[in-house]
Structures are given as C-alpha cells and as structure tokens.
Amino acid sequence: MERNLMKGNEALAEAAIRAGCKCFFGYPITPQTELAAYMAKRMHKAGGVFLQAESEIAAINMVLGAASTGVRAMTSSSSPGISLKSEGISYLAGSDVPAVIINVQRGGPGLGGIQPSQADYWQATKALGHGDFHLLVFAPASVQEMVDMVVKAFDTADKYRMPAMILADGLLGQMMEPVSFPEITPNAHDKSGWAADGHKGKRAHHIINSLYLQPDELQTSVLNRFERYEIVKAEETDAELYLTEDCDILLCAFGATARVVKSAVNEARAQGIKAGLFRPKTLWPFPVKEINEAAKSAKKLLSVEMSMGQMIDDIKLAINCSKPVEFFGRTGGVIPTPAEVLAEIKKVGGAK
Amino acid sequence: MTTEILLAGFGGQGVLFAGKILANCGLMDSKELSWLPSYGPEMRGGTANCSVCISDEPIGSPLVLAPDILIAMNQPSYDKFINAVKPGGKAFIDSTLIESKCERTDIECFYIPSSQLADDNELQGGSNIILLGKLIKETGLFSLDTMKKAIEKVVPPAKAKLIANNFRAIEMGMNN
Amino acid sequence: MAVVFERPKSLLDVPLHYCPGCTHGIVHRLICEVLDEMGIEGDTIGVCPVGCSVMAYDYFGCDMIEAPHGRAPAVATGVKRTNPDKFVFTYQGDGDLAAIGTAETVHSATRGENIVVIFINNTIYGMTGGQMAPTTIPGQVTQTTPYGRDPELAGYPVRVCEMLSTLTGTAYAHRVAVDTVPHIRETKKAIRKAFENQKEKKGFSIVEVLSTCPTNWGLTPVEAIKRLQDEMIPYYPLGVYKDTTTEGGEK
C-alpha cells in the first residue's frame with residue numbers, strides 16, 4: 001500500500017472524507033488548524049460541505065443538524081473549544097445522534113497553552129456535558145492510528161447511535177509520519193428509522209429530541225441508553241499489550257505519551273528490568289479485561305500521563321485496587337522524556 | 001538503528017522545509033520516520049525547530065532532545081542545542097550566521113558558510129539545502145539520488161522551477 | 001354539509017400546551033397552512049427552540065429537531081447545507097433568537113443561509129415565568145424588572161428586523177403581528193413569501209411576529225391584544241424591512 005507523509009491533523013481529515021463524512025463544521029484553534037484547512041481544500045471537491053462557523057458552539061450545533069438528517073458529520077477543536085462544544089455533545093447524546101468530534105488537546109485549564117496535553121481525559125471519559133451519558137473515546141498514538149480510528153469512530157458511532165471522540169493531542173496533530181489509506185467501505189447503517197430527513201408523506205414524522213418533561217419517561221430513555229452502553233463496554237474495548245506477559249512493572253499510557261513510554265520500556269528491558277506497557281486505544285469504554293490480562297504478572301503499575309494523573313482512577317477501578325498504582329506525569333504542555341520515565345520505573349521499584 | 005535529527009534556526013530560513021526533505025528521504029528509502037515541528041505564535045521571524053527521526057523500527061517519542069545530527073542555522077539555536085548533541089554526533093553549522101566554534105571533542109562539527117554560499121551563487125534562501133548536502137555527504141544517511149527524489153516530491157508544482165536550484169544547492173553543500 | 005374550515009393537514013391533531021389567549025397557536029396554524037398549500041410538508045424539517053414553543057415538535061407534522069437554546073439557526077444551517085433540496089425553518093422566541101442565540105442568528109443571516117426563521121416577539125420570557133427579554137420595552141414590568149425595564153440598568157431592546165436588514169445576506173425581513181384578522185392574513189402572506197424565497201434559493205428570510213403573552217403580562221387575552229397594538233407596534237413598527245426579491249425593497 002502506498003505510504004504518504006502526512007500531518008496527523010491532515011490525516012484525520014482525509015480519513016474522515018474517505019469514511020463518508022459529508023460535512024465538516026469548525027472554528028479555528030491551535031493546534032488543530034490544519035484539519036479545517038485540509039477540509040476547506042478537499043471537502044467540496046469530495047462532494048461534501050465545509051463551513052467555518054461563527055463559534056465552536058455554532059459548529060457543534062451544525063453537526064447536530066446535519067447528523068440529525070442521517071448524514072455523517074464531524075467537527076474538530078482543541079481543549080478550550082471542546083468545552084464550548086460540550087452543550088451540543090450532551091444534546092447529541094441525549095438525542096441518540098451519532099457524530100464524530102476531534103479533540104487535538106492542548107494544556108489547560110482556561111486558555112492554558114498550545115502545547116500537547118492529555119488533561120482532557122476526565123472531560124472526555126467522565127463528563128463531556130451535563131447529564132447521564134457517555135461518548136466513545138478513541139486514543140490514537142500514531143498518524144496511522146488517527147486514520148484507522150476515524151473510520152472506526154464513524155462506524156461505531158452509527159452502530160450505537162452515539163457521539164464518538166478522537167482524543168488526540170498537539171504532538172500527534174502536528175507530527176508527520178508515513179500513513180496508508182486502506183480501501184475504506186464505510187458500513188452503511190440504516191438510519192431510515194429515525195433520521196429527520198423529510199417524511200415524503202410516507203411515514204409518521206421523526207423527532208430528534210432530548211426533552212422529556214415526565215421523569216419516568218426521561219428515566220426510561222436514559223436506562224435504554226445505558227443498556228446500549230453495556231453492550232459497548234462488552235464489545236468495543238481495545239488496547240495494545242506490549243511485553244506484558246512476564247512484566248514486573250506494568251506501565252499504563254495512552255496516545256503520544258505511550259510512544260515515549262514504549263521507548264522507556266525498551267530501554268528498561270535492555271537493562272534487564274521486566275517492564276511492560278498497557279496502552280488503552282479506547283478510553284471509554286475502558287479496556288478492563290485487557291488491563292487485567294496485562295497486569296497478571298505485574299507487582300506494580302505505573303501510569304504515565306501528560307496531566308496530573310487523570311487515568312489513575314480508571315486503572316485502579318479496573319484492577320479493583322488489587323495492586324499499587326503509581327503515577328508519573330508532566331502537564332501544561334511539557335512532554336515527558338523516555339529518560340525521565342525510565343528513571344521513574346527504577347524509582348518505583350522496577351529495578352532488577 | 002534510529003537517527004535523531006534536530007534542525008533549528010529562525011522562522012523563514014526553511015528549517016521545517018529542510019526537515020520535510022529529510023522525512024521524505026526516509027519515505028523514499030522505506031524507513032520508519034517522524035517529523036515534528038515546534039509550533040506557536042512565533043511562526044514568522046522567531047525561532048523554529050524541527051525534530052526528524054529516521055529508523056528501521058517504529059519511532060517511539062518523535063521529540064528529539066539529544067540529536068545524533070544537529071543542523072544549526074542561527075546563533076540562538078546553536079547556543080541552545082550544541083551541548084545536547086549526543087557524543088559521537090555531528091553538527092552542521094551555518095558559519096555565516098554563527099560565530100562560535102564548538103569546544104566539544106566528542107562530536108564532529110562542520111562549519112559551512114551556507115548563507116554566504118547561497119547569496120554568492122544566486123541561491124537565496126538555499127542555505128538550508130546546502131547544509132543538507134553537507135549532511136548527506138558526511139553521514140551517508142541518504143544518497144544524493146534519494147534526496148533529489150525527495151526534493152522533487154516536496155517542492156510544490158507551482159514552484160517547480162526551484163527544483164534545479166535546490167539540486168545545485170545540495171551539490172554545493174556536498175562539495176564544501 | 002360543506003366543510004368551510006378545517007385543521008391544516010400538517011398541524012397534528014393533538015392538544016397544544018399553550019396558555020389561553022396565547023398567539024403561538026395562530027402562528028403554528030399559519031405555518032402549517034403554508035406547508036399544505038405548497039405541498040412541502042414531506043420535504044420540510046423544522047427546528048424548535050428552547051422556550052414556550054420547545055414542544056412544537058409534537059405539533060408540526062413534518063420532521064422536527066429540538067435544538068439547544070439559541071442554536072436553532074446553526075442546527076438549521078447543518079440541515080440545509082447537507083440537504084439543500086429540503087425546506088428548513090426555525091421557530092424561535094425572543095430570548096432564544098435575540099439573547100442567547102444572537103450570534104447564531106446574525107451569522108446565519110449574514111451567510112445568507114437559505115432558511116426561514118419564524119421569530120415570535122412577545123417581549124418576555126414565557127416558559128421560565130416572565131423575565132425580561134432582549135425585546136422587553138423600556139418601562140415594561142417583568143419578574144426581573146419589577147420596577148419596569150430601566151435602560152440605565154438593563155439597556156435597550158434589540159430591534160431584530162432593523163438589525164438584520166443591514167446584513168447583505170438577509171434576503172427578506174418582515175415584521176408582522178397577529179392582533180387582527182387583516183394582520184393575521186398579512187402574517188400568512190409573509191410566511192408564504194419566506195418559504196417561496198427558500199424554494200427560489202433567495203437566502204435568509206425572517207418573519208418577526210409580534211405576539212402576546214397574556215399569562216406573563218398579567219392581562220386578559222383581549223387586554224393583551226390591546227397592549228400589542230398600543231405599546232408594541234409603536235416601538236416595533238410593522239412592515240417589510242428588507243426584500244431583495246423586489247425592487248426598492250429596503251425600508
């Protein structure tokens with residue numbers, strides 16, 4: 001397959017178009033601007049719609065409108081912009097409308113910085129908006145995975161009628177790597193049972209709505225959604241297990257950080273330390289089965305993140321606090337180095 | 001084996017472009033590679049740097065902190081990164097803009113008046129490519145043929161007439 | 001016996017939740033008459049706001065989407081851009097359109113989005129119990145302006161048709177009222193014209209309908225109609241503020 005050299009942000013856009021995304025609505029923010037620029041250049045030629053909205057809020061609501069008619073729709077932003085989109089994401093979830101949202105994370109809180117960060121883990125996995133809901137969260141660690149996961153995100157979102165997020169970061173968005181585009185046949189999900197695309201006088205009207213003024217009706221709607229979430233949790237987790245079979249210390253990291261950690265794990269192994277890496281590729285649902293498999297021989301776990309340690313709780317819950325979980329992190333846009341991670345491995349007890 | 005390269009200079013000197021040529025060389029030679037720019041509000045005129053990793057194996061961290069190869073195109077970049085070069089590494093220095101001489105004995109430094117050479121030979125803005133020519137000659141990382149192909153790929157069609165100039169710049173770097 | 005009056009087909013046969021004397025019902029009916037007359041119900045997607053008409057999705061027979069507060073024009077933009085052959089309208093109150101949704105309103109207008117916006121201006125937030133709206137008239141008593149709206153404290157009202165008529169992208173801006181039969185007939189003509197504009201791809205059309213809220217105004221329905229005539233129409237003059245489809249259409 002032909003290898004192309006592309007920035008992560010551009011690869012996300014190209015993959016979306018190939019996955020049958022028919023419209024992109026966005027608002028400029030660093031470090032994801034190349035994505036919108038690519039869409040502006042390509043989307044129209046691909047027969048789709050590109051529109052620069054007046055705000056992130058408008059953009060996510062344009063996505064809501066387009067996706068409500070059954071069209072594959074996407075928006076992208078970076079951390080502060082995702083906060084603004086959270087209202088619309090809650091509505092998407094509450095109305096059971098599938099769509100894809102890209103977050104090329106930067107440091108926060110507030111205006112924060114523009115360098116890579118993973119400090120939106122809590123937001124993405126726990127509370128991207130008000131109310132009882134989840135969205136699918138995919139965490140790519142390479143430009144190739146950005147391509148593969150965008151395709152997967154559209155399909156999975158359609159399958160379960162829920163919004164999906166690609167949780168990337170500025171490092172992945174800005175870097176170039178070789179990437180191949182597989183022959184993509186987007187799964188054709190039948191949306192005729194719910195899409196508000198004009199009834200042509202042939203069916204009752206469809207209503208896309210998240211309002212239920214009767215508590216029991218709202219409860220039923222939420223319970224139905226959570227039944228679907230159980231299926232998602234059982235079937236849609238994904239993780240990479242690297243050198244975990246005999247590991248004494250299991251490192252846990254996702255996204256760009258996992259690349260740094262992998263370098264550190266390789267160096268640790270070269271020095272005789274039995275280190276392994278668990279890398280969740282889905283953050284929601286969290287790969288519970290996979291981490292327990294990876295942690296089997298481990299005496300200790302070490303979570304490495306570009307945040308103050310937002311994934312630790314999920315790790316502890318997943319292994320039922322059966323082993324100590326340590327943390328090493330950098331935040332604010334600082335990228336941890338393999339040497340620092342190696343030093344931490346030695347410090348927390350991975351030394352031979 | 002992984003070769004980690006750091007290119008640094010002023011915005012506008014073609015630091016990112018030179019990095020792109022190296023990355024495309026890796027692509028031509030079927031290597032694993034990564035290219036990572038610094039980004040931020042200093043897009044024009046400030047400092048710019050770019051990490052390129054070339055390897056036979058998948059790249060771990062794409063951020064180059066201790067380069068095997070440094071291309072330094074201005075004094076601040078030289079000051080900032082010369083001591084980060086790995087022992088045994090090589091530094092390619094534009095001696096027109098950088099007056100310092102490195103005192104380290106564990107690395108090899110090549111001083112090329114690349115800005116001056118570019119100006120003298122009507123290759124304005126070609127200093128970065130001259131340094132790349134010197135780089136492939138001294139490291140053997142890529143062949144001249146590979147680099148020419150990469151340049152043909154990276155130069156946009158609208159500026160195709162610049163290809164010949166870039167070829168000239170590489171050869172000038174190789175012969176200096 | 002001949003039928004001389006019946007419910008429009010696209011107005012569903014369900015009880016409306018609106019208060020007695022509220023004029024939402026009239027406007028709903030007029031929209032549905034237009035959908036029926038143009039034969040476009042099956043090709044129309046409506047977008048409801050947050051406010052009193054939040055549940056309008058249960059009343060209109062066409063496909064409906066319930067938008068977040070103020071975002072209906074953005075939702076409509078998403079629908080129309082991906083379904084250019086469908087008819088798309090929003091139905092919004094004054095708080096939704098002219099306060100929280102001002103950016104979406106102004107930008108969908110200036111982009112010339114080929115949609116219809118039906119704007120119900122009754123100078124008050126109805127659903128939340130009668131607070132000051134962006135269109136509340138100076139001196140008007142509401143729950144949050146208990147001594148009357150004081151422009152020194154609360155600023156001045158937004159005149160939406162006047163404001164939007166300054167934008168190149170606006171094709172049609174018309175302020176009407178539903179206080180009398182002739183005005184109601186005028187309102188229907190304006191709504192029809194807005195949908196015809198969309199059919200002919202003319203761009204953004206807004207019909208601002210001066211309406212009543214007897215409950216939150218604390219008036220009887222008849223008194224409310226009188227207030228609309230005596231206080232609202234002088235402050236919000238009726239008429240066509242912009243019409244790019246006819247020569248010299250700008251007021």
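# Reading the predicted model, question by question

User: What share of the contacts in chain C between residues at least 6 apart in sequence join residues at least 24 apart?
Analyst: The share is 66%. Bear in mind that this is a predicted model.

User: How many of the residues of chain C count as buried?
Analyst: Of its 251 residues, 55% do. To count, a residue needs 20 or more other C-beta atoms within 10 Å of its own.

User: Why is D96(A) called partly exposed?
Analyst: D96(A) has 19 other C-beta atoms within 10 Å.

User: Is C321(A) buried or exposed?
Analyst: Exposed. C321(A) has 10 other C-beta atoms within 10 Å, and the limit for exposed is 12 or fewer. Its loop runs between α11 (312-318) and β15 (325-329) of chain A.

User: What makes the phi of D96(A) worth a remark?
Analyst: Most residues other than glycine have a negative phi. D96(A) is not a glycine, yet its phi is positive, about 55 degrees. C321(A), also not a glycine, has a positive phi of about 55 degrees.

User: Which peptide bond involving P109(A) is cis?
Analyst: The bond that joins G108(A) and P109(A), with omega about 5 degrees. P109(A) lies in the loop between β5 (100-105) and α5 (121-126) of chain A. Another cis bond joins W284(A) and P285(A), where omega is about 0 degrees. P285(A) belongs to the loop between β13 (282-284) and α10 (288-294) of chain A. Most peptide bonds are trans.

User: Why are β3 and β13 of chain A said to stand at the edges?
Analyst: Start with the strand order. The open sheet runs β3-β2-β4-β5-β7-β6-β13 in chain A, seven strands with mixed pairing. β3 (49-52) and β13 each have a single partner strand, so one side of each is left without a neighbour in the sheet. Neighbouring strands are turned by 20 degrees against each other on average, direction ignored.

User: How do you know that β2 and β4 of chain A pair?
Analyst: Pairing takes at least two bridges. β2 (residues 23-26) and β4 (residues 73-77) of chain A have two, in the parallel sense. In one bridge, C23(A) has A73(A) of β4(A) as its partner. Helix α1 (residues 8-18) of chain A packs on the sheet and touches β4, β5 and β7 (164-169) of that chain. The direction of α1 makes about 175 degrees with that of β5(A).

User: Which pair of chains has the most contacts?
Analyst: Chains A and C, among the two pairs that touch. No contact joins chain B and chain C. Their closest C-alpha atoms lie 28 Å apart.

User: What makes up the side of chain A that touches chain B?
Analyst: Here 17 residues of chain A are in contact with 15 residues of chain B. α9(A) gives the largest share of the chain A side, four residues. By class, that side has 10 nonpolar, three polar and four charged residues.

Note on methods: Residues numbered from 1 in each chain as written. Chains lettered and ligands numbered in written order. Predicted model: local features only at pLDDT ≥ 70, side-chain atom pairs only at ≥ 80, totals over all residues. Contact = placed C-beta atoms within 7 Å. Nonpolar A, V, L, I, M, F, W, Y, C, P; charged D, E, K, R; others polar. Axes fitted to C-alpha atoms, helices over the stretch in contact; angles between N-to-C directions.
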